[in-house]
Amino acid sequence: MNERNYSHVTEFVLLGLSSSKELQPFLFLIFSLLYLAILLGNFLIILTVTSDSRLHTPMYFLLANLSFIDMCVASFATPKMLADFLVERKTISFEACLAQIFCIHLFGGGEMVLLVSMAYDRYVAICKPLHYMTIMSRRVCITLVIIPWFVGFIHTMSQLAFTVNLPFCGPNQVDSFFCDLPLVTKLACTDTYFVSLLIVADSGVLTLSTFVFLVISYTVVLITVRNRSSASMAKARSTLTAHIIVVVLFFGPCIFIYAWPFNGYSVDKVLAVFYTIFTPILNPLIYTLRNKDVKAAMSKLRDQYMKPRQVSELIRNFLFL
């Protein structure tokens, strides 16, 4: 087919999570509650870390930034998905589709590298405790936050370079609730085998390299903790467990989707829901339930701003309205 005969696709049709009309209201309610919990949970962590001076440390500074990225990961596609539950024809413009691809790789790539920054923080805190505050200076902490955004931007621009010039001339149905790059490139009116290999290589290198680095660093840290038996090491072990759980929850779906030869899109759809919805909502639970300092700071925040009298007045005003 000659390129000048292509009819340019101006929009894509998102098939969503389910084609059942009966399930749409139920899914809308469930995912609305989950999305609200993501925003409230992660915002509460950011508010707690910024308002309590005892949490003004490198570890909690990085944790607050992780919560911010989790909010971004959940927000790039979830509002559109919720709106699509209420309409019969789920469409997205070509430009908005590219914007979703840009956001998921920016935030996803950034979160991978931020988890590496958090692993480095734990390595210095446990393996070099006497030099921790010297090494983890304010300048280093800011650098450890800027680098993930820079790497995420380079990663997403390289991914878009594979997609933006592809010819789309007819098929426009994306079997997902957002524009996932492997699914979109599949619709191009040309042989995308080589492009698909480049996409897998690009995402695979970033995903596997950061994952391997995390495995090595946490192995070194766990060995160090095991060889030392003290109260501080017990606290460090608890913190490490939370970090490792978050790493597994985030990298598991990413490795299956982007670093594995993709051919099972129904599985990819379930995994996409996991890392865009469930991982951002689990992170606040994991870090708060296993961290006494955060729980104490949240209790202090609650006592300061949510006193029984204020709560009763808030309920009374709500009932009056």
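1. Helices here are DSSP runs of H or I with at least four residues, strands are runs of E with at least two, and both are numbered from the N terminus.

2. A word on the source: this is a predicted model, in which local features need pLDDT of at least 70 and side-chain atom pairs count only at pLDDT 80 or more, while totals for chains, interfaces and linings use all residues. Residues are numbered from 1 along each chain as its sequence is written, and side-chain values use heavy atoms, leaving out hydrogens and water.

3. Now the overall picture. The protein has 12 helices and three strands. Of its 321 residues, 50% count as buried (buried is under 20% relative accessible area, exposed over 50%, partly exposed in between, with a 1.4 Å probe and protein chains only). The accessible surface comes to about 16800 Å², and 68% of that belongs to carbon and sulfur atoms; areas come from the Shrake-Rupley method with a 1.4 Å probe, and for residues only the protein chains shown count as cover. Among contacts with a separation of 6 or more, 79% join residues 24 or more positions apart (contact means heavy atoms within 4.5 Å).

4. Have a look at the aromatic rings: a search of the whole structure finds 10 aromatic pairs. One of them is F107 with W149, edge-to-face at 6.0 Å centre to centre and 90 degrees between the planes. This pair links distant parts of the chain, with F107 in helix 4 (residues 94–127) and W149 in helix 6, 42 residues apart. F107 is buried, because its relative accessibility is 12%, whereas W149 is partly exposed at 27%. F177 and F178 also pair edge-to-face, at 4.9 Å and 70 degrees. F177 has a relative accessible area of 2%, so it is buried, and F178 is buried at 0%. F12, F94 and F168 form one aromatic cluster. For pairing, ring centres of Phe, Tyr and Trp (its six-membered ring) lie within 6.5 Å; planes under 30 degrees apart are stacked, over 60 edge-to-face and the rest tilted.

5. Beyond neighbours within four places in sequence, H155 is in contact with H105, G109, D202, S203 and L206. M157, in helix 6 (residues 138–163), is partly exposed at 38%. With F150, F153 and I154, M157 makes a nonpolar surface patch of about 400 Å².

6. Finally, D175 lies in the loop between strand 3 (173–174) and helix 7 (181–185), partly exposed at 30% relative accessibility. D175 touches L15, L183 and K269, not counting residues up to four places away in sequence. L17 is 158 residues from D175 in sequence, with 8.3 Å between their C-alpha atoms.

Methods: Patches are made of residues with over 30% relative accessible area and no salt bridge: like charges are joined within 9 Å, nonpolar side chains (Val, Leu, Ile, Met, Phe, Trp, Tyr) within 5 Å. A salt bridge is a side-chain nitrogen of Lys or Arg within 4 Å of a carboxyl oxygen of Asp or Glu.
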